[in-house]
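Subject: Handover of a structure

Dear colleague,

Please find the structure below, followed by a summary of what was found in it. I would be grateful if you could read the two side by side.

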Amino acid sequence: MISNFEAVLKMLSVHQSGNKLLDEKYKLSEQPLTLNDDVLNKLLMQYFLSPFEKINEVYHFSHPSEDLNLNEVYHFAESIFTDPETFHANSCQLAKHLYDVSNHPKIKPGELYVALFNNLQIEGELHDAIGIFKSETKEPYLTVQQHNNNFEMGYQQEAINIKKLDKGCIIFNTAKGAGYKVAIADLTNRTDAAYWIDDFLKLKIRNDGYNQTHTTLSIYKDFVTKELENSFDLDKTDKIDLLNRSMKYFKENETFNMDDFAYEVINNEAGIQSFKTFKAGYEQEYNMPIPDSFAISNAAVKKQARTFKSVLKLDKNFHIYIHGNKEMIEKGFDEALNLNYYKVYFREEN
C-alpha cells in the first residue's frame, strides 16, 4: 500500500509537547533541522516510515461542520503543500494544536516530528507527503567499546528505539477535496488513539473495499459470538462452523453479495433477518453505510482471519481445532461418568 523506495526526506522540524492537563509545557524549535548526515537520514526514514509498510487502511480529514478548513491539521497541511516555505511555521502550529488537545492524564509528553517528503508512494502513485510523528518512550541502551586489549561497557540512559514509533500519520498531497489520503500507524492504547485520531487529527476511515471487507467480517463475528447466543440455541461448534463458513466465503469470492452470503453461510431465514438487522444497527450507530455488494479485499480478509478463532477449548485438558465439516464432530453426555464428551470422526491420521 505505502512504499518509500523512492522517497526523500526534504525537511524536518522537531518540537516538544507536554500534557496540558498536567500543566506540562511545550517547546518549539526556532528552525528546521539541518539534514546533511546520510546515516542519520537513513535511520530517520526507517524510524518514520517502516511502520507504514503493511498499513492498508486509508483515512481522510473531517469536521463535524463538514467544512474541512475548520480541521486544524488539514488547514496547516494545505498551507505547507501550497507553499513549502511555510513548513516550519506550520509545524509550530501543529505542535501548539497537539498541546491544546492533550487533556487526558494518561497522555505522555514527548517529541513531535513534522517531516516533508517527496516521492512517497500510496496506492501505486507518487506524491509529496507530510509526516507527523510523536515519540514518547525512551529506553536505556548498553554500549561496548574496546580499550587496548580489553572491552569496556557503558550505557546510554535515554534513547529512542527506531523500531518503535509511538504515534504517526502521513498526509499525502492527493484527494484534497475529500480530505486528503491519510495513513496512520497502528495504535494500541485506546486513550492515545482517541486523542490522536479523534481530537488531534479528526480522521474518518475511507469507506472503500478494504474497510467494507474488514467491517463486514467484524460485524458478522460480533453477530455470531454475541447476538446469536441470545437469540438462538447454538453450541460452540455451531458458532465455530458459522465463522469458518464466513471466512471460506470471503476467501473464495472476489465480490461480496449480501443475499449470496446470507444464503451460503447462514442459510436460515430467521438468522439471515437477524444479521441484516444487526448490520443495519451498526451502520446507523457509526454513520457508516456498507453497500450490499462490494469488491472483497484480500488484505482485509488475511488480517481478519487472525482473529477468527476455530478452537474448541475443553476444560484445561484438550483443544479441538475445527476447520471443516461440522458433521464430523458429535457432542454427547455420559450419564455414568456425569461428563460431556465430543466424538470426532476422521478417515486417516496424519
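The term pLDDT denotes the predictor's confidence in each residue, on a scale from 0 to 100. For this protein the average pLDDT is 88, and 91% of the residues score at least 70. This is a predicted model, in which local features need pLDDT of at least 70 and side-chain atom pairs count only at pLDDT 80 or more, while totals for chains, interfaces and linings use all residues. Residues are numbered from 1 along each chain as its sequence is written, and side-chain values use heavy atoms, with hydrogens and water left out.

Overall form

The protein has nine helices and 16 strands; these are DSSP runs numbered from the N terminus (helices H or I, at least four residues; strands E, at least two). Where pLDDT is low, the predicted coordinates should not be read in detail.

The radius of gyration, taken over C-alpha atoms, is compared with a globule rule of 2.2 Å times the number of residues to the power 0.38. The protein has 26 Å, whereas a compact globule of 350 residues would have a value near 20 Å. Its C-alpha trace spans about 80 × 65 × 40 Å along the principal axes. Of the 350 residues, 41% count as buried (buried means under 20% relative accessible area, exposed over 50%, partly exposed in between, with a 1.4 Å probe and protein chains only).

Strand β8

Strand β8 (residues 167-172) is mostly covered, with six of its six residues buried. One side carries Lys-167, Cys-169 and Ile-171, the other Gly-168, Ile-170 and Phe-172, and all of these are buried. Two strands pair if DSSP finds at least two bridges between them. Strand β8 pairs in the antiparallel sense with strand β5 (residues 125-135) over six bridges, and Ile-170 in β8 stands opposite Gly-131. Strand β9 (residues 181-184) also pairs with β8 in the antiparallel sense, over four bridges; there, Lys-181 is the bridge partner of Phe-172.

Cysteines

The structure holds zero disulfides, a disulfide being a pair of cysteine sulfur atoms within 2.5 Å. Cys-92 is in no disulfide, and the nearest cysteine sulfur, that of Cys-169, is 17 Å away. Cys-92 is buried, with a relative accessible area of 12%, and Cys-169 is buried with a value of 0%.

With kind regards
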